[in-house]
Amino acid sequence: MEQTINYELINLNEKSSIHSKVESLGLLNKMFGGIQIDVNSALRKNDKGIFEAHLCDHNCTTHWKGKPTGGNYDCPAAFTKNLGINKQTIASGELIVDAVEKVANSLRVLRTDFISNNLDSYGEKFNVPNKVLEVYKEFINCDDIEVALFGGSPEIHSDILWMIKELKDKGFVVTVTMTGRRLMLQHDFVEKLMINPPDTIALSADDFDGIEQIEHISSLSLEELKAEWTKIPKQFGQRQKAYEAIYTIKLRELYGDRYPKLLLNIALHNHNLESISEFILRLTKCLPGVALNPFPVQSGFMYSPSPLSIKSIDNLNHFVDEIIESHFIENENKYSAIVPRLHYWLMLKSALTKWQDSKTKTANVISGDGFWKCYQDIGASRYIQITSSDIVTKKQKYGGGCLSCFWNKSIADSRGKVWDLSTEDVTSYILKERGYEVNKIKNPCPGCGFPRLVFDVISGEVGLDKSLLEDYLKLRKKYIGY
């Protein structure tokens, strides 16, 4: 089918045009914020003391006992990194839901405060016309909040089914970021999950060993998938996840419209960037109806140099250009399955433009070091994380529950667990104290570029590194019209 590209900019005199473009380009999504909570934080003990850890049944690492596993990144929740964990120290579903409700209430206070005291100044700083700002306000002035149940394999939490139902009953939009292993191994769990399913199941699609493997695994029946999966050694966690993800997607054939929406997270790394367009095309063809969420592999939060090669930066630059263009193609195209969020791709392009004379610098920024910071200003952090902490007290019974980042603990509330704090305490930290506290730290988080945390155009722009703002605003003017 011929592709028609319509670069018609927003008509700033017509509110309907503004509203339509804001929605179709994925700039805003009719909710104010979100909460990502690690439901499998626990305590572990070794000869050096007691620490917080993550319970997971996968080993997603690049190496195991000095030998390569074929993995493309190291996950902090990998079971080989969390030896000695005490499963009895995982917080109950009731504590987790309590934490979510407190943070949600605080987010609603933040919404009111941001709209009343910060929205106009945001519009002035980022050159957003008043009529556009009015539409922005309509999108964010709502009670809808997404909750992402997260952390290794959240489906193995003993209260996961109750938590999903309870959170949905309370009006939250619920996403479970899972591996799919439990769905593969326990048919009765699938049946129970389908009684009160989450709104979305998010899976991983960055672990496939090439395009041929995508086609091969996608062609297998459920029984064949499970049979091949059983032959994979346990240390190859990311290879197992590839099979589990396809199995989970294929289950929808049994449940039809009852099945949740499906999203595949795709970390872009040296291996898949070699043929990324074909990689995306194969996923779209083999797994129709599944939304795709690609983003560059992140390392900045670990104070580590980017793993992306110079060649990968060139490939990524071309890919980003194509994704930006795809937002304006009226017919179905090879990138139609990718979640629309034009602002995010313009942010990436601004980094690729700003640092084009230094591929090493470009790679580091693209991987988070100096890209976007959740703590930079009010309004940037509207997707709040609740996870483990580096601080363990003697009276502590459970892991998790800390207002912190899953990846970088410099962004953490040291006062205690959310379920032990008042809503006023949580609100104060999110609204005022977080940025101040982080900026006092000698070596705060360098930043990241996870689409879920960047969230929407407002939080993306507020948290965007100041060195990228000029290039970003030029790109926004070119592609959006203001």
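Strands β7 (residues 145-150) and β8 (residues 173-177) run parallel to each other and are joined by four bridges. Strands count as paired if DSSP finds at least two bridges between them. Helices (H or I, at least four residues) and strands (E, at least two) are DSSP runs, numbered from the N terminus. The model is a predicted one, in which local features need pLDDT of at least 70 and side-chain atom pairs count only at pLDDT 80 or more, while totals for chains, interfaces and linings use all residues. Residues are numbered from 1 along each chain as its sequence is written, and side-chain values use heavy atoms, with hydrogens and water left out.

Seven of the eight residues of β10 are buried, so the strand is largely enclosed by the rest of the structure. Buried means under 20% relative accessible area, exposed over 50%, and partly exposed in between (1.4 Å probe, protein chains only).

Contact means heavy atoms within 4.5 Å.

The largest nonpolar core has 147 residues, of which Val 103, Tyr 122, Tyr 136, Leu 149, Leu 283 and Phe 319 touch the most other members. Helix α2 (residues 93-117) gives the most to this core, with 10 residues. A nonpolar core is a set of buried Ala, Val, Leu, Ile, Met, Phe, Trp, Tyr and Cys residues joined through side-chain atoms within 4.5 Å. Neighbours within four places in sequence aside, Leu 283 is in contact with Ala 205, Phe 208, Ile 214, Leu 264, Ile 266 and Leu 292.

The aromatic rings come next. The structure holds 15 aromatic pairs. The rings of Phe 301 and Phe 450 form a tilted pair, because their centres are 5.8 Å apart and their planes stand at 35°. Rings of Phe, Tyr and Trp (its six-membered ring) pair if their centres lie within 6.5 Å; planes under 30 degrees apart count as stacked, over 60 as edge-to-face and the rest as tilted. Phe 301 and Phe 450 are both buried. Ring pairs also link Phe 150, Phe 295, Phe 301, Phe 406, Trp 407 and Phe 450 into a cluster.

A stacked pair is formed by Phe 328 and Tyr 479, at 6.0 Å centre to centre and 25° between the planes. Phe 328 lies in the loop between α14 and α15 (342-354) and Tyr 479 in helix α20 (residues 469-479), so this pair ties together parts that are 151 residues apart in sequence. Phe 328 is buried, at a relative accessible area of 3%, and Tyr 479 is buried at 17%.

Tyr 479 is one of the buried residues of α20, which also include Leu 469, Asp 471 and Tyr 472. The buried residues of this helix pack against α14, α15 and α19 (457-463). Just after α20, Gly 481 has a positive phi of about 115°.

Helix α15 contains His 343, which counts as buried at 1% relative accessibility. Beyond its neighbours within four places in sequence, His 343 is in contact with Gly 26, Leu 27, Phe 455, Asp 456, Val 457 and Tyr 472.
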